[in-house]
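Subject: A structure to look at

Dear colleague,

Please open it first, and then read the notes below it.

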Amino acid sequence: EPGLCRVEPFGAYAAARYEDAAAILKDPQRFSSEALAITAEPSWLGPNPVAQALISKDPPNHARLRALVNRAFGPTGMARLEAQVRKVSEELAEAAVRRREVELVDAFTFILPRNVIGYLLGLDPSTFSNFKRWSLAMGLITSATTPEQHEEIRFVVKEMKAYLTAVIEARRRQPGEDMVSDLLRAEVDGRNLTDEEILSFLFLLLPAGMETTSQLIGNAIIYLARYPEHLAQAREDKAHIPRFIEEVLRYESPIQLNFRIATQDVELSGTKIPAGSFVLGLVGSANRDERVFEQPDRFLPGREKGNQHLTFGYGIHFCLGAQLARMEARMALEALVSRVSSIRLRSPEVQWLPGYTIHGPAVLPVE
Ligand code: HEM
């Protein structure tokens with residue numbers, strides 16, 4: 001039984017087992033994110049807008065950037081946000097339950113993370129309506145094929161750059177209690193972030209903060225509908241909600257794949273991988289590895305042996321926004337379950353998003 005499988009037509013090597021997927025993420029020397037950012041740079045776009053952000057860096061560059069942005073995501077920053085997230089969740093949930101039939105992606109699961117990332121960065125709410133289009137275009141960078149798609153993405157990158165540069169300049173003139181101001185103030189070993197690094201980080205954060213969290217909340221609502229007993233339990237005891245969310249994260253991971261490039265010939269679980277190959281960690285599969293999770297194909301919140309899913313990654317690139325995403329999902333579910341005793345999907349067949357990286361409902365009509 002070979003450890004990794006070859007995925008055509010890309011010739012990538014895919015790790016389906018937990019141990020192999022974790023081994024790839026644990027080893028940035030041999031499985032590089034920096035080489036990936038360079039290799040995946042599209043010639044029609046010019047410099048990849050997130051190339052200077054920490055997700056595109058290996059040691060030692062990664063550690064410096066992570067130290068500079070870490071504080072902004074620490075407990076103080078999250079506590080500052082929690083009341084705001086609760087308020088937005090309550091308002092959106094209240095508006096949604098007043099309607100007999102409602103499409104929850106537009107009315108709830110996307111709008112909540114969109115507004116939260118907007119508040120976090122101190123952006124002007126009148127500009128939030130652009131974020132969906134921006135995030136869709138950013139998500140297409142590596143897979144866009146048609147001239148029209150290329151044109152749209154180039155346009156969006158220009159638009160975002162102008163917008164974000166203006167935000168950085170405004171915060172420099174007048175710092176506030178927002179993350180862009182925190183990033184401008186951040187200093188490690190006497191060095192600050194350069195404007196280019198801040199810009200690249202914001203290009204990463206805007207979609208990263210919206211898409212995945214939106215899918216997590218959408219997937220959680222699907223499971224509240226499928227398992228009314230968990231909805232009842234969550235209504236009785238709020239402490240059930242975090243356990244439920246962890247199992248949704250494992251069972252329906254909003255990100256299904258991690259990409260790296262092998263920097264040298266390497267052998268992993270008996271598979272020889274040549275230098276320069278694309279290597280994929282199949283998170284969705286690893287999260288259901290029976291070597292790690294008992295009864296992996298059952299949805300069991302509060303797993304006795306813990307829930308060490310790989311949904312937020314592993315090692316140096318472990319998701320910076322994991323606590324924020326968990327907090328948003330908790331606030332969203334608390335606001336919903338306190339208002340409804342049942343959720344009915346209008347169609348039992350969920351219409352999932354197309355593509356194989358981001359996983360969640362494209363639309364979520366409920367009654
Ligand atoms: C990194 C997943 C929410 C910001 C990552 C990685 C994963 C991930 C798998 C590692 C990528 C890799 O190793 O190449 C998720 C999921 C989320 C979520 C499943 C929601 C359910 C967020 C939010 C933010 C965020 C809300 C910020 C507002 C980041 C950043 C990194 C990252 C900045 C890069 C960290 C580094 O390179 O050191 N995320 N994420 N994420 N995430 Fe998230």
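The model is predicted, and local features need pLDDT of at least 70, side-chain atom pairs count only at pLDDT 80 or more, while totals for chains, interfaces and linings use all residues. Residues are numbered from 1 along each chain as its sequence is written, and side-chain values use heavy atoms, with hydrogens and water left out.

Most residues other than glycine have a negative phi, and most peptide bonds are trans. Against that background, P59 and P60 are joined by a cis peptide bond, with omega about 0°, and P60 lies in the loop between α2 (34-39) and α3 (61-70). Helices (H or I, at least four residues) and strands (E, at least two) are DSSP runs, numbered from the N terminus.

S269, in the loop between β6 (266-268) and β7 (271-273), has a positive phi near 45° although S269 is not a glycine. S269 counts as partly exposed because its relative accessibility is 35%, where partly exposed lies between buried (under 20% relative accessible area) and exposed (over 50%), with a 1.4 Å probe and protein chains only.

The axes of helix α10 (residues 195-226) and helix α12 (residues 240-251) come within 10 Å and cross at roughly 105°; these axes are lines fitted to C-alpha atoms over the stretch in contact, with angles from 0 to 180 degrees between N-to-C directions. In contact, meaning heavy atoms within 4.5 Å, are residues including L216 and Y223 in α10 and F244 and L249 in α12.

Best wishes
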